[in-house]
Amino acid sequence: MTAPGPFRLDGRRALITGASRGIGRAIAETYAQAGARLALAARTSANLQQVADNVREHGAEVHTYGADLTDAQAPTRLVERAAEALGGLDIVVNNAGDGGHDGLTLDAYRRLLHVNLRAPVLVTQAARPFLLESDAPVVINVSSVSARLGGAEPYGPLKAALSSYTVGLAREWGNDGIRVVAIAPGVIETDMTAGYTDADWWTGNLAERVALGRNGQVDEIAGMAQFLASDAAAYITGAVIPVDGGWVHQY
Amino acid sequence: MSPRQKLQMPVLDRFRLHGRRAFVTGASRGIGRAIAIALAESGADVALAARDEARLTELAAEIETLGRRAHVVPLDLANLEAIAPAIDAAADELGGLDLLVNNAGVSHRGGFEIHDPAEFDRMYDINLGAVLFGCQAARPHLAAAGGGAIVNIGSIAGTKGAGLYGASKAGVHALTRGFSREYANDGIRVVALAPGQVITDMTAHVRANPSELNAILHHTARGRAADPEEIAAAVVYLASPAAGFVTGTTIAIDGGRDFFARR
């Protein structure tokens with residue numbers, strides 16, 4: 001065990017959605033190493049079991065839940081089951097999301113609305129009574145650089161909505177001591193971005209778009225998620241923090 | 001007309017919309033109604049879309065007295081599948097389309113909470129989905145007319161973080177940026193306005209609650225709410241050749257909402 005410090009999460013009870021792959025998985029593994037107790041949710045439970053096995057190797061307590069968060073009832077049910085298993089909740093990470101590249105049908109729009117926005121809102125409001133009982137409550141929403149860049153498809157605008165919700169809710173819940181923050185990742189190498197991170201049009205544009213000139217790795221998001229959940233970030237709320245390698249304007 | 005020719009026009013002529021053809025959603029009341037009238041006064045023919053056909057018919061008559069054509073489009077903007085056919089039909093009726101104003105919107109009384117998922121879906125369908133599908137439907141008509149503009153009505157709630165309503169408007173601002181990129185090669189400009197507190201039916205509940213209204217005005221430099229006409233004037237500008245270099249951006253018309261209280 002590492003020495004205790006302001007970045008540790010020993011004994012903290014964390015719910016993480018979209019935990020079977022990519023950024024969610026990295027956050028789960030990082031939280032486990034930081035001493036947290038975990039409830040992990042994902043749509044498909046096969047990968048989730050593997051993640052659970054990995055984090056148990058760090059000695060972490062972990063509970064897993066298969067949940068399709070596009071279902072209107074699923075988010076509330078998930079939170080209640082997770083809080084019961086962990087005996088409460090200190091950290092909620094709304095990570096599950098979908099970029100959506102199926103063309104813009106009405107059905108696709110609805111699914112993206114539900115997974116990227118409605119689900120985190122429902123998870124967060126269901127978690128409120130448990131967070132009110134916590135000594136160090138925090139909600140972390142995983143937004144996207146797309147919120148700032150905008151988009152002619154639903155993903156970016158829905159992430160902009162999630163960022164806006166984060167800022168407003170921080171004000172609303174500040175008096176209760178509940179922190180609400182968001183991380184806005186840039187292009188991170190995951191299954192979701194696998195379709196273009198190696199493509200010529202993107203690698204050719206990296207230097208122009210991203211100050212650091214490279215894609216991000218999931219651990220680089222997980223580190224921010226650990227910091228934001230920890231006591232080191234106790235005075236941070238209502239912030240949407242870019243972790244994007246520097247998406248700065250050309251000038 | 002080339003941009004250079006436009007610039008050679010006297011400045012006030014650059015604000016005119018003579019013969020332009022506009023489609024305005026949420027036109028029966030409030031800001032949308034003021035926009036429709038302002039566009040007609042500036043010389044445009046206007047398709048009026050909203051649920052309330054009786055109000056639209058009255059408004060159409062008023063617009064016709066201004067010497068412009070009006071086309072009534074009974075439409076529930078939550079019915080996303082009906083938007084493209086309605087825009088196509090209006091373009092047929094008016095002989096083309098130069099301007100789409102996505103104004104229709106509904107507030108959300110639940111603040112940050114979803115009490116009823118169906119109600120949440122309806123609010124997002126009207127405030128965000130209808131903008132998305134409206135832009136898509138209007139694009140070929142605007143492109144065929146040589147460009148034109150899309151003006152989306154966002155909200156200062158979207159830039160300050162204010163409930164799930166504000167979040168939906170943040171989405172509108174992000175869509176505006178995205179579509180401005182996507183449609184630029186067709187010569188289409190896409191812009192958004194972010195009104196502050198405006199005196200409409202939608203905000204009647206705010207005025208009915210003096211402490212809520214005062215809290216807002218306390219942080220508004222102008223110290224008052226806006227008339228819908230003050231938003232409509234900006235739409236005329238953004239739709240006109242005078243705004244030929246404005247795209248992708250969201251312009252606040254909020255009386256100076258600030259972190260700090262009014263002195």
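This is a predicted model: local features need pLDDT of at least 70, side-chain atom pairs count only at pLDDT 80 or more; totals for chains, interfaces and linings use all residues.

Q: Where is Ser168(B) placed?
A: Ser168(B) belongs to helix H7 of chain B, which covers residues 163–182.

Q: And what does Ser168(B) touch, not counting residues up to four places away in sequence?
A: Ser168(B) touches Met123(B), Tyr124(B), Asn127(B) and Leu128(B), and also Ala161(A).

Q: What separates the C-alpha atoms of Ser168(B) and Asp125(B)?
A: The separation is 9.5 Å, for two residues that are 43 apart along the chain.

Q: Now a residue in chain A: where is Ser146(A) found?
A: Ser146(A) is found in helix H5 of chain A.

Q: Is Ser146(A) buried or exposed?
A: Ser146(A) counts as buried, because it has 24 C-beta neighbours inside 10 Å.

Q: Which residues is Ser146(A) in contact with, leaving aside neighbours within four places in sequence?
A: The contacts of Ser146(A) are with Gly151(A), Tyr155(A), Gly156(A) and Lys159(A).

Q: And what is the C-alpha separation of Ser146(A) and Trp202(A)?
A: Their C-alpha atoms are 15 Å apart, and the two residues lie 56 residues apart along the chain.

Q: Let us change topic to the overall fold: how many helices and strands are there in chain A?
A: Chain A has eight helices and seven strands. Its radius of gyration is 17 Å, close to the 18 Å that the globule rule gives for 251 residues, so chain A is as compact as a globular protein of that length. Along the principal axes, the C-alpha atoms of chain A fill a box of roughly 50 × 40 × 40 Å.

Q: What about helices and strands in chain B?
A: Chain B has 10 helices and seven strands. A compact globule of 263 residues would have a radius of gyration near 18 Å, and the 18 Å of chain B agrees with this. The C-alpha trace of chain B spans about 50 × 40 × 40 Å along its principal axes.

Q: What percentage of residues counts as buried in chain A, and in chain B?
A: In chain A, 54% of the 251 residues count as buried. In chain B, 52% of the 263 residues do.

Q: And the contacts between residues at least 6 apart in sequence: what percentage joins residues at least 24 apart in chain A, and in chain B?
A: For chain A, 73% of those contacts join residues at least 24 apart. For chain B, the value is 75%.

Q: How many residues has the largest nonpolar core?
A: The largest nonpolar core has 169 residues, and Leu38(A), Leu40(A) and Leu48(B) have the most contacts inside it.

Q: What is Leu40(A) in contact with, beyond four places in sequence?
A: Leaving aside its neighbours within four places, Leu40(A) is in contact with Ile16(A), Ala19(A), Ala28(A), Leu48(A), Val51(A), Ala52(A), Val62(A) and Thr64(A).

Q: On to helix packing: at what angle do H3(A) and H4(A) cross?
A: Helix H3 (residues 74–86) of chain A and H4(A) cross at roughly 35 degrees, and their axes come within 8 Å. The crossing of H3(A) and H4(A) is right-handed.

Q: Which residues meet there, from H3(A) and from H4(A)?
A: From H3(A), they are Pro75(A), Thr76(A), Leu78(A), Val79(A), Glu80(A) and Ala83(A); from H4(A), they are Ala119(A), Leu122(A), Val123(A), Ala126(A), Ala127(A) and Phe130(A). By class, the contact of H3(A) with H4(A) has 10 nonpolar, one polar and one charged residues.

Note on methods:
Residues are numbered from 1 along each chain as its sequence is written. Chains are lettered from A and ligands numbered from 1 in the order in which they are written. Helices (H or I, at least four residues) and strands (E, at least two) are DSSP runs, numbered from the N terminus. The radius of gyration is taken over C-alpha atoms; the globule rule is 2.2 Å times the number of residues to the power 0.38. A residue is buried if 20 or more other C-beta atoms lie within 10 Å of its own, exposed if 12 or fewer, and partly exposed in between; C-beta atoms are placed from the backbone. Two residues are in contact if their C-beta atoms, placed from the backbone, lie within 7 Å. A nonpolar core is a set of buried Ala, Val, Leu, Ile, Met, Phe, Trp, Tyr and Cys residues joined through C-beta atoms within 7 Å. Axes are lines fitted to C-alpha atoms, for helices over the stretch in contact, and angles run from 0 to 180 degrees between N-to-C directions. A crossing is left-handed if the near helix is turned anticlockwise from the far one by less than a right angle, and right-handed if clockwise. Ala, Val, Leu, Ile, Met, Phe, Trp, Tyr, Cys and Pro count as nonpolar, Asp, Glu, Lys and Arg as charged, and the others, Gly among them, as polar.
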